Amino acid sequence: MKTAALVADLVTEFKTHGRIVIVGASLAGLRAAEALRDEGFNGSLTIIGDEKHEPYDRPPLSKQVLKGWVRADHTKLPRMRKVDAEWRLGVAATGLDRQTKQVRLANGDQVPFDRLLIATGVRSRPWFNPKEATLEGVFTLRTSDDSGRLQAALAAKPGRVLIVGAGFIGSEMASVCRELGLAVTVAERAEAPLVGALGGVIGDIAAAMQRDHGVDLRTGVSVEALEGDANGHVRRAKLSDGTTLDVDVVVASLGSIRNTEWLDGAGLATGFWGVACDAGCRVFDINGVVTDSIFVAGDIARAPHALYEYQFLALEHWDNAVFGGRVAGHNMVSLEADRRPHLPLPAFWSGQFGVNIKGVGVGPFGDEIVITQGSIKDRRFAAAYGRRGRIVAAVTFNHGKWLEYYGALIERSAPFPPPPPGYDQAGDMKPIPARFPDPRVPTGVPDVVLTGHDPNERGAEYRPKKRDPVGATKHAA
Amino acid sequence: MRIVIDLNRCQGYAQCVPLAPTVLKLNGEEALMYDPNPDDSLRQQVLRAAASCPVQAIIVDRLDEKGEKA
Amino acid sequence: MQSKTASAVAAELKNRMTPETAYAEAMKFENRANPYPFFDELRKTPVARVANGIYAVTGYRELLALAHDPRVSSDMSHSPLSARLAVEAPAEADHMKAYGKAKTMITSDPPEHDRMRRQAMRHFGPPHTPDLIPKMEADIQRLCNQLLDKAKGKTRLDVVDDYAYPVPVAVICKILGVPLKDEPTFHAWIHDFMAGLMDMGPEAATEEGKARAAKGKESTAALMQYLTELIQRFIREPGESMLSKMVNDDGADGRMSPQEAVSNAGLLLIAGHDSTVNTISHCVLTVLRNPGAFELLRSRPSLIPAAVEEVLRVESAVQFFPSRSALADIEIAGTVIPKGSAVFLMYGAANRDPSRFPDPNKFDPERRDNEHFGWGSGIHTCFGGPLARLEVNLALETFLHRVKNPRLVVDPPPYRQSNVFRGPQHLLIDFDRIRD
């Protein structure tokens, strides 16, 4: 009885007097802050963000902002409640001292904490050639500032846009270019767009979709060099197949780099795939021992997922940030009995070429696919992915009302292939290989990556181990 | 005012679009695009749209720009 | 926690209704104003066999799952009710064909359903016609005001006949291209259809019920004939109305065939106003029944949209639609719905499931996470939802704004015959005056 009372006192005491620092002022950080206040945390809350903007929503940046409908700085996230925090925006965290429990900032300040939430997310992988990256007209897209610059460049009606990388964001940007009536070439190293996340069978459909909308899609090809004119503006791109393109805008859509550099030397389980944590968002130290006072949420987190053989999942998904932020917030002010797991059913969407692509589960965990409902020709269908006789993921193209049926099957680890629909059956329901790329072959960095069982396992290296400077690449205004 | 739409929840019912036509647009049959920071004068329309969503995917601010209850 | 004596437990078990009895009670006309205690009883078995070959779903999670399950068909030709009634009661079987010879959107499955819905939506809403509904706002507002203007100088009105009914029927006629001057005629036909063929309760099997059904069948045939002539006229002389465009304009899916257009015209005309009338009536009834609700919504009109949804949760205008059936054995809620069973998704009942909605019988306009089934669920979710909501929101806003001190004259009011499309027959209110 005495211990229980002591424990209850500890929680109350912490909720009243504890100091929490959240590093990362975007979606996960904001929702965690709101969750903390919802939980009755009344102590000091500091939110640190390297961007000078208050938390804003990123998905519109590759769609309605680029299209010119919405201003780049007009995607501020709605607030669900007051968070009563000290906001330190426009200053990056540069180090973590676990002995003294302080976060070091770029301006030299030290911010003490009792508990810390890491929510620093990811940044765009820059163009691999630093000199070429400084050419005017070469962009990456991650921040609202990026989006504003790129929107202006597209509005100036460039002769041709080159998008390097046909993942979800690259494909969405290509779609916007076509909606704006711009000539656009997409260069993708893999055999088809979207293969990292959805496999080659769906990738082929995505490729046809792009070409039907007038995209000059080049697959199996990489961009080896960019050349500029005398004014320092990009004008040409050299492809690995020997061809040269005349281009005025180049967007490097090469995936993400986790913002873990500031944690170097802190003795945490960080690496290429992010910051490893348990399913309650508590970070592992470098030995694989879970810490008590350091939590992580959002794009930068890697957590074991019971549904996927406890493999660590690193999810760059919107609702992973929302749910993870909320669970981390709850768990930061709870002790063992009250902690909750963060066990999302991974889910994502992409709006491109007039199609709403929605997915659930982890496609790359599977090796087979079966198209279940609808028509591939009409680009309205549902498909399920399986592994060893169990359904592990599903995707719909303009068929989103059916997705939750497959989501429920995935949650139950139901048999694969799933039962045939009672109508509108897409084919013979025979599974075929889903054609996910060999993980040893470098392609893009997909949104959902399976990163092995051990907290310190680095997984496949896709690029030479080079220190990218914190704070992203420079690009022309 | 501020909104964000949970496009994972959204299944493309589009019950919302006609109720706030300058804020919500359908791209194709099902993909929803929206203005995240619409003018305050559109608040009642946005509230009608948010209430109409069968899966409650439209999240409307509960605080206004001053940080007070909206 | 009190422990029960053995005899108390036995008594409780004895009194507990079987699903069959609970369902029958819920469907009885005498319980039309408040079927909910019987739904609560029925929901103890959230997926339950309630009659031979019929399963009723009253649990929220179970209904959500089945409304998204591609083994559940809406094509009535798959339902055992079609086949059985054709043998046992030919007159009632015809209600399955009540919407016309061709299937409608609501009674078909993908791909036909999807294609029809796209063909109709092309001329009604986004992505192709996003402005039609918003442009109706001025008309709707004007109609609401005119109706209340008519009540000036009075102190009593029937919300159903004098307010809730005239607005939606005028709006749908204008959109579809059905002449409003014919309203007295088709109003009577629709009444007969509803009263005769949309009563799934035990009264339908009585002599009186059978007579109603026969009349319903006759009136429905007359309505279909009327709509056939209307569609044929649109084919000869194309116009700007939705029905005309459906049979004349070629989009990616082509034009709708005349047969399908007639059937769907019936659906769009009836569904396009009748449930809206019931919803407006239920809004007034619910608001006036709940002390403080009127003042709350008057002082905080930003709550009105959510209040409308909450009314639909507690008084769903479409309680269920008897078209669905299982195309395979479906395992759910610890039971199996056998292939070939009729499946009734009981929206009104599931909307009061306490495991999903805390304090489910309470009307709470500020309720969070109100993902109710008042408009259905899944691919058949109400086609006209945005239009209906615009009408109901404006009707309620205008009522709140202009009717001073309204009071219910009788509660519960008399209800219409149908337990499928449920609403008050009349809703008398007294009031002090109508404001400008």
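1. How many salt bridges are counted between chain A and chain C? The count is zero, and, with the reminder that this is a predicted model, the rule finds two residue pairs in polar contact across the interface of chain A and chain C, both residues of each pair being at pLDDT 80 or more. By class, the side of chain A that touches chain C is made up of six nonpolar, three polar and four charged residues.

2. As for extent, chain A brings 13 residues to this contact and chain C brings 15 residues, and the two chains bury about 1300 Å² between them, with 63% of that area on carbon and sulfur atoms. Within the area that chain A buries against chain C, 44% is supplied by Trp402(A), Tyr405(A) and Tyr423(A), which is more than any other three residues give.

3. Turning to chain B and chain A, 32 residues of chain B are in contact with 36 residues of chain A, and the area buried between them is about 2900 Å², of which 52% comes from carbon and sulfur atoms. On the side of chain B, the residues that lose the most area to chain A are Arg2(B), Asn8(B) and Glu30(B), which together account for 24% of what that side buries.

4. Between chain B and chain A the count is three salt bridges; Glu29(B), for example, pairs in a salt bridge with Arg380(A), where the closest N and O atoms are 2.6 Å apart. The rule also finds 21 residue pairs in polar contact across this interface, both residues being at pLDDT 80 or more.

5. Strands S1 (3-5), S2 (24-27), S3 (31-34) and S4 (58-60) of chain B each supply at least two residues of the side that touches chain A, and the residues of that side divide into 14 nonpolar, eight polar and 10 charged.

Note on methods. Residues numbered from 1 in each chain as written. Chains lettered and ligands numbered in written order. Predicted model: local features only at pLDDT ≥ 70, side-chain atom pairs only at ≥ 80, totals over all residues. Heavy atoms only, no water. Contact = heavy atoms within 4.5 Å. Buried area = accessible area lost by both parts, 1.4 Å probe. Salt bridge = Lys/Arg side-chain N within 4 Å of Asp/Glu carboxyl O. Polar contact = N/O pair within 3.5 Å; in protein donor to acceptor, adjacent residues only side chain to side chain. Nonpolar A, V, L, I, M, F, W, Y, C, P; charged D, E, K, R; others polar. Helix = DSSP H or I, 4+ residues; strand = E, 2+ residues; numbered from the N terminus.
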